[in-house]
Amino acid sequence: MKKNKYLILTILWMIFIFVMSQTPGNDSSKQSNFIVDIIIHILPITRDTLSFIVRKCAHMTEYAILAFLIYKTIVHIKNHW
């Protein structure tokens with residue numbers, strides 16, 4: 001288990017991304033509205049623009065995590081060989 005922890009985490013994260021990608025746009029917007037409602041009181045920006053920014057940042061974050069996990073998996077496997 002310990003030898004394959006990064007591989008397992010990478011596969012689980014890919015499954016998470018796949019499951020989240022099956023969510024319809026309206027439901028996805030409802031999920032991001034929680035964050036938008038918090039930030040809207042701080043920044044003078046329109047709700048639609050802020051919602052767009054929050055959703056794009058969420059996508060970048062989830063794929064950055066995937067890239068990190070893939071990197072760690074490759075390095076971990078390479079070190080064992």
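A polar contact is a pair of N or O atoms within 3.5 Å; within protein, one atom must be able to donate a hydrogen and the other to accept it. The views below show a predicted model.

**View 1. Polar contact between the side chains of Thr10 and Thr73.** The two side chains are joined at 2.8 Å. Thr10 lies in helix α1. Because its relative accessibility is 5%, Thr10 counts as buried, the cut-off being under 20%. Apart from neighbours within four places in sequence, Thr10 is in contact with Leu66, Leu69, Ile70 and Thr73.

**View 2. Salt bridge between Arg47 and Asp37.** The structure holds one salt bridge. In this pair the side chains meet at 2.4 Å, N to O. The pair links distant parts of the chain, with Arg47 in helix α3 (residues 47-80) and Asp37 in helix α2 (residues 25-39), ten residues apart. Side chains of opposite charge can pair when their charged atoms come close. Arg47 counts as partly exposed because its relative accessibility is 37%. Asp37, at 36% relative accessibility, also counts as partly exposed.

**View 3. Nonpolar patch on the surface.** The patch is formed by Leu7, Ile8, Leu9, Ile11, Leu12, Ile15, Phe18 and Val19. Together these residues have about 710 Å² of accessible area. Ile8, one of the patch residues, has its place in helix α1 (residues 5-21). With a relative accessibility of 33%, Ile8 counts as partly exposed.

Methods. Residues numbered from 1 in each chain as written. Predicted model: local features only at pLDDT ≥ 70, side-chain atom pairs only at ≥ 80, totals over all residues. Heavy atoms only, no water. Patch = residues over 30% accessible without salt bridge, like charges linked within 9 Å, V, L, I, M, F, W, Y side chains within 5 Å. Areas by Shrake-Rupley, 256 points an atom, 1.4 Å probe, with all protein chains shown as cover. Salt bridge = Lys/Arg side-chain N within 4 Å of Asp/Glu carboxyl O. Helix = DSSP H or I, 4+ residues; strand = E, 2+ residues; numbered from the N terminus. Buried < 20%, exposed > 50% of the residue type's maximum accessible area, 1.4 Å probe, protein only. Contact = heavy atoms within 4.5 Å.
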